[in-house]
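Hello,

Please find the structure below, followed by notes on what was found in it.

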Amino acid sequence: MNIFKRFTTTVTASLDNAVGNLENHDAIIEATIKQTKQSAAKTKARINTLRQQLHSYENQLIEAQTQHTLWTERALKLADADESKALECLSRRNQCQESIARFTTRIEQQKNLINDVSTNLKTLQNKLDDMSQKHNLMRSRQAVADVNRAVRHASNTETVNDTFERWESLVLVNETTVDSDYDPLDAEFTQQESDADLLMQLSELKAQNNKEEE
């Protein structure tokens with residue numbers, strides 16, 4: 001393999017390698033974006049579930065507060081007429097008070113959890129937007145770089161000139177091979193003999209013309 005072929009092979013392999021690396025980078029980023037989108041979607045679904053749970057806790061708190069008020073009113077009504085039942089009403093009211101405290105705590109924890117997950121979702125979304133923007137930018141820059149590389153390769157004067165020189169050398173070799181049987185000495189005698197024959201013809205033509213004029 002000559003130097004030019006080795007050089008061409010090396011450059012081609014390097015370009016193929018570079019293209020492979022670029023394709024790998026593109027695939028890695030694309031896969032990362034896809035995973036981030038999936039994570040964001042799961043996080044949104046999780047937030048919806050947490051909000052549904054929060055809504056359920058708030059309804060149960062309202063119900064506990066309503067029952068607390070009801071059992072308080074009943075205890076007051078029975079305080080003089082039936083003390084024993086009034087005490088049972090107060091016991092039920094105390095149970096409602098415990099429920100109120102429990103659901104109040106759950107609601108506060110649920111809100112904090114929703115805020116934390118929402119913050120994570122915002123971080124994921126910002127990361128996704130940033131990656132998508134950079135991905136599109138790099139793809140655009142790579143497209144321009146590919147065009148520039150193609151133009152550079154097509155306008156490589158040194159390589160083109162080398163090709164023309166090798167082509168001309170090959171043509172010259174073939175031209176020399178075609179003319180290799182040429183003998184200068186033989187050609188000289190052949191030309192002299194041809195000239196002598198022509199002179200003889202010219203002399204005969206003049207002599208004939210002189211006779212006709214007489």
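**What was found**

The protein chain has four helices and zero strands; helices (H or I, at least four residues) and strands (E, at least two) are DSSP runs, numbered from the N terminus. Read from the N terminus, the elements run α-α-α-α.

This is a predicted model, in which local features need pLDDT of at least 70 and side-chain atom pairs count only at pLDDT 80 or more, while totals for chains, interfaces and linings use all residues. Residues are numbered from 1 along each chain as its sequence is written, and side-chain values use heavy atoms, with hydrogens and water left out.

**Confidence**

pLDDT is the predictor's confidence in each residue, from 0 to 100. The mean for the protein chain is 82, and 81% of its residues reach 70 or more. Confidence is highest in H2, at a mean of 90, and lowest in H3, at 71. Over residues 3-15 pLDDT stays under 50, and the model has five contacts for them beyond four places in sequence; contact means heavy atoms within 4.5 Å. Where pLDDT is low, the predicted coordinates should not be read in detail.

**Core and buried residues**

Of the 214 residues of the protein chain, 13% count as buried. Buried means under 20% relative accessible area, exposed over 50%, and partly exposed in between (1.4 Å probe, protein chains only).

The largest nonpolar core has 13 residues, and Leu61 and Ile107 have the most contacts inside it. Helix H1 (3-78) and helix H2 (83-154) each supply at least two residues of this core. H1 gives the largest share, seven residues. A nonpolar core is a set of buried Ala, Val, Leu, Ile, Met, Phe, Trp, Tyr and Cys residues joined through side-chain atoms within 4.5 Å.

Leaving aside neighbours within four places in sequence, Leu61 is in contact with Ile100, Phe103, Thr104 and Ile107. Thr43 is also found in helix H1. Thr43 counts as buried because its relative accessible area is 14%. Not counting residues up to four places away in sequence, Thr43 touches Val117, Leu121 and Leu124.

Among contacts between residues at least 6 apart in sequence, 82% join residues at least 24 apart.

**An exposed residue**

Which is Trp167, buried or exposed? Trp167 lies in helix H3 (residues 157-178), and its relative accessibility is 55%, so Trp167 counts as exposed.

Regards
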